[in-house]
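Here is a short tour for someone meeting this structure for the first time. Have a look at the picture, then read on.

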There are 2 protein chains.
Amino acid sequence: MTDKLAPKETNPKGEGFIPHLAVDAVIFGFHDNQLKVLLMQYSKTGRYALPGGFIQQTENLDDAAKRVASERTGLTDIFLEQFYVFGDIARHDPAPFSAFMAANGKEPDASHWLLQRFISIGYFALVDFTKVSPTPDKIFDSCDWYDLASLPQLIQDHNAIIHKALETLRAKLDDKLIGFNLLPQHFTMSELQSLYETILDKKLIRPAFQRKMLSLGILDRLAKKFSGGAHKAPYVYRFASK
Amino acid sequence: MTDKLAPKETNPKGEGFIPHLAVDAVIFGFHDNQLKVLLMQYSKTGRYALPGGFIQQTENLDDAAKRVASERTGLTDIFLEQFYVFGDIARHDPAPFSAFMAANGKEPDASHWLLQRFISIGYFALVDFTKVSPTPDKIFDSCDWYDLASLPQLIQDHNAIIHKALETLRAKLDDKLIGFNLLPQHFTMSELQSLYETILDKKLIRPAFQRKMLSLGILDRLAKKFSGGAHKAPYVYRFASK
């Protein structure tokens, strides 16, 4: 299985890439009151990591993030956004890469570029996890959704990177809601509140939530259809087009 | 004046620094309804730039940003925060550095590390510009406050970096207000509103502004002192300690 390492084995100095600089993608998945995150498992060592990679010398940073996420996970057309740069010395831990290389039949030279210090630019995205099919690339055995409440131990500072991404997601939810495209075209206030409660991981009070959402000016309320039933049908909303 | 270039001249490969990676600091200054930004002017060529620099191999990223801002401007103890990474290929423009080196008596080799592509990590801060004394380091002739409404043309994408920092400052003003430390210990709602209006560059409606500020839960209203005058004294606030 040493072919899994071919691209890196033949490029021990990382030629063509910007040294010391990585991108890591925190891809959150939402569906039906569940919030998950996409993790990879390294071939043979089984260590968990975020999908990540490197920036080509001739590539825009944002394009590198898209390419890396797509190569690692098979996901395309996802909206990735920068959220933070992780640049502490303490995050440098070459052990998982050494172990991975050794397990795959090649003891790495200590000067191998992947064993040096990396500063990582974090990107995040939020997708409906029922609408995509993650597929690992050849250096990983798996690429799957994991519950945020029971994450495994990840390499380096990847658990902290997820935590920071989640903070950002929660803080930006109002602004990003339309772009994330996580609700059906028509939805009730109750469905919208469930989405918020799942992502914020707390119960919200309906009148205050409804008042806030209506004040954002991003919702159109549709005319009620006569239901004929005995119970009052809820109002239905869609995102305002503008 | 070639001594101005000494540290770089003797280090054409940028040894000790992470290659291709820079930090640039957008330091906003506020006082008395004015919002300004701190710019440097390169020695001899007179080109304008943000205070910026590089990350040592053995230095945490955030420490590098503090050190660079302090070395360039003389300002210490300012709270710098990451806001965005500028990594497009199109931002690469070595001309200002070539011109600067040539003007200072040294034609640079095309392989000089400073002429290569850089990805820049943007940091921003907001200070009271009457409380600090900017002092340029030796490669700059000046370090001064400039009105945002009439900025000069800066090198590379530095005007765009300022624009993005301003967007971030405006979006985060509620959260960062206490840390910025821009108001006297006791202030009126009117003074607070002026600060917001200056930074947001728009007029706000008092009742809505006051309602929003009080709802943030960051203000303590002090007991009114009997003024003895015929006019009603305004309420005075301070930031809640917690």
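Predicted model: local features only at pLDDT ≥ 70, side-chain atom pairs only at ≥ 80, totals over all residues.

## How the two copies are related

As for bookkeeping, residues are numbered from 1 along each chain as its sequence is written, chains are lettered from A and ligands numbered from 1 in the order in which they are written, and side-chain values use heavy atoms, with hydrogens and water left out.

## Where the chains meet

In chain A, 22 residues are in contact with 22 residues of chain B (contact means heavy atoms within 4.5 Å). Of the interface residues of chain A, 100% are also interface residues in chain B, so the copies meet through the same surface.

Together, chain A and chain B bury about 1,700 Å², with 58% of it on carbon and sulfur atoms. Buried area here is the accessible area (1.4 Å probe) that two parts lose on being put together, summed over both. What about salt bridges between chain A and chain B? The rule finds zero of them, where a salt bridge is a side-chain nitrogen of Lys or Arg within 4 Å of a carboxyl oxygen of Asp or Glu.

## Two domains in chain A

Chain A is assigned domain 1 (7-171) and domain 2 (183-239), with bounds that come from an automatic or database domain assignment. Their C-alpha centres lie 35 Å apart. Eight residues of domain 1 touch six residues of domain 2 by the contact rule.

These two domains of chain A bury about 590 Å² between them, 70% of it on carbon and sulfur atoms. On the domain 1 side, A:Phe30, A:Asn33 and A:Arg170 supply 74% of the buried area, more than any other three residues. Zero salt bridges turn up across this domain interface.

## The cysteines

How many disulfides does a search of the whole structure find? Zero, over all chains (a disulfide is a pair of cysteine sulfur atoms within 2.5 Å). A:Cys143 is buried, at 4% relative accessible area, and B:Cys143 also counts as buried at 4%. Buried means under 20% relative accessible area, exposed over 50%, and partly exposed in between (1.4 Å probe, protein chains only).
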